[in-house]
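Here is a friendly note to read alongside the structure. The points begin with how the chains meet and then turn to a few places to look up for yourself.

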Amino acid sequence: MGALTDKYCIVGVGETPHMRPSNRTTFSMACEAVKKAMADAGLEPREIDGMTSYQAGDSTSSSHVATALGIRLNYSLDIVGGGSSTEALVAHAIGLLEAGYCKVIVIFRSMNGRSGRRMGGQAPSGPVPPVRAEGDAQFYMHWGWTSPAQWFGMSAMRYLRDTGTTTKAFAEVAVAHRYHASLNPKAIMRTPITIEDHQRSRWVVKPFRLLDCCLETDVAAALIVTSRERAYDLRQPPVFIMGGTARTMAPNSAWNYSRPEIHYVAGNYGRNRLFGMAGISHKDIDLISCYDAFTFTTLIQLEAYGFCGKGEAGEFVKGGRLQIDHELPCNLSGGHLSEGYTHGISMVIENVRQLRHRVDDACPGWAEGKHTYDRAAGCRQVKHARIAACLGWGTETTSSSLILRGISA
Amino acid sequence: MAAPPTRPLPVADDLSRPFWEAARQHRLVVQRCQACGYFNHPPRSACDACLSPQLCFEPVSGRGTIYSFTVMHQPAVAGFAEQLPYLNILVELDEQPLLFMVSDLPIGEREKVRIGARVEVCFEEIDATLTLPQFRVV
């Protein structure tokens, strides 16, 4: 167990609605998300003194948001990054708190991922105009190979061939996450789908169909990290940080150049550190979030983090294993495939709510932790949610993770 | 004045200039470590295998196999809409395991794509200053 296990907690979470488009600035959305996270925790602006965010040149800054909310910062930092940044910034926050740089830290992501900068490469209104292909990109962009679906698709295609897995395994992930979204009033895509719906959906980038790909949304989300001692006085049941990894890298950081094959992803290098620091094993995990930029990224990380063996994820996810009330419920909010796209922070937020037993579902008493566990009535609270793993993905070669526990664990 | 480009085009830099100059002469070269013999692509400032900075470009056979591929159906990239759906291949060069180059496949070759198919380099001349090494199925 790590020296800092359970010493720091996530105490507040909040987000704006997922919109397409938001018709708002990233600044305005960030302020709303941070305010909601403070209200959730029961914290006043004067009690916050640290703020960090991640972005891809498409967002607002911590200093700007803090000033607007009446927060005087002792620490601020805005980093470049997308997926895998949330878990890494939580690790970073622990370091800052431990070293005494500040006492209560907000982490946010605000993006107009549909109406502004689109990760798939397109401009808001259509194809992206020709760009200069520089750095490593000078060796592939001129072939029209320009987007994450194409990059990760290359790994996925080889994975299918090497392991004999079929795209029905991708479908299992899509169906599970969509089912969870159907229980989430905040989710954009709430109509349940079947394996057949997935198999019939159109190709986007073979081997990925439409239902393999995440949404593009306009949204801001925030969470707050502080010490255990401070957490005890706040409004919500604390969620303890047991362990994590922060942007673990494969030996070669270039996209699609992992070794010994291109689908040997960075989580393989982080898994022992994650579970070692948390001092638990896979059988202790009640639910997970697993970054679903594409169904494949969820699938491959189940292997990387050791929930199943190499090449076994297709068999592992069969029969709805990732669905609520089954063995390893995954992405309970619907994830990036069906709730909306936040570059990972929304999945950590959902796990926090699950571990509090206060998931914001259709149950009238959810805010007091009263759930019916009746899925037909719209309850999405996992019944015995004690420990959750958050498996973040940046690229094949970059990954971050967290293990969290609630007070009942 | 040259017409504006209709698709993304590579911009050579200090590390890659010999690669693009050779391509213009229809030669495929890859940066090779003079200390350990490892081929590095894309070019590096230090060898991926041994960190030596002694790196020189050497001719390679231009032959390899298709390690993986994708088929793009989305009109996301300017200059490619009329080619949809188009193929991208990841070529593993014969010189070294996992020595990769990305390419498309010429129209007319696309039915032949499969993992493990043999390919060889060919060259597409864009203009007087730029030639792209491309691969075709053999």
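1. Let's start where the two chains meet: 40 residues of chain A are in contact with 45 residues of chain B, contact being heavy atoms within 4.5 Å. About 3800 Å² is buried between chain B and chain A, and carbon and sulfur atoms give 61% of that area. Buried area here is the accessible area (1.4 Å probe) that two parts lose on being put together, summed over both. On the chain B side, the residues that lose the most area to chain A are B:Val11, B:Tyr67 and B:Val102, together 15% of what that side buries.

2. Before going further, please keep in mind that this is a predicted model, in which local features need pLDDT of at least 70 and side-chain atom pairs count only at pLDDT 80 or more, while totals for chains, interfaces and linings use all residues. Residues are numbered from 1 along each chain as its sequence is written, chains are lettered from A and ligands numbered from 1 in the order in which they are written, and side-chain values use heavy atoms, with hydrogens and water left out.

3. Across the interface of chain B and chain A, the rule finds one salt bridge, meaning a side-chain nitrogen of Lys or Arg within 4 Å of a carboxyl oxygen of Asp or Glu. It joins the side chains of A:Asp136 and B:Arg44, at 3.4 Å from N to O.

4. Which elements of chain B give two or more residues to the side that touches chain A? They are strand S1 (9-10), helix H1 (17-24), strand S5 (63-72), strand S6 (86-93), strand S7 (100-104) and strand S9 (131-137). Helices (H or I, at least four residues) and strands (E, at least two) are DSSP runs, numbered from the N terminus. S5(B) gives the most, with six residues.

5. Strands pair if DSSP finds at least two bridges between them. Within this pairing, A:Arg132 stands opposite B:Leu9.

6. Over all chains, the count comes to 30 salt bridges. One of them links A:Arg24 with A:Glu32, whose closest N and O atoms are 2.6 Å apart. A:Arg24 counts as partly exposed because its relative accessibility is 29%; buried means under 20% relative accessible area, exposed over 50%, and partly exposed in between (1.4 Å probe, protein chains only).

7. Helix H6 (residues 195-200) of chain A holds both A:Asp197 and A:Arg200, three residues apart, about one turn of the helix. Their side chains meet in a salt bridge (3.1 Å, N to O). A:Asp197 is partly exposed at 27% relative accessibility, whereas A:Arg200 is exposed, at 62%.

8. Finally, do look up A:Glu15, A:Lys186, A:Glu350, A:Arg353, A:Asp360 and A:Arg380, which are linked in a network of salt bridges. A:Ile387, in strand S11 (residues 387-395) of chain A, counts as buried at 10% relative accessibility.
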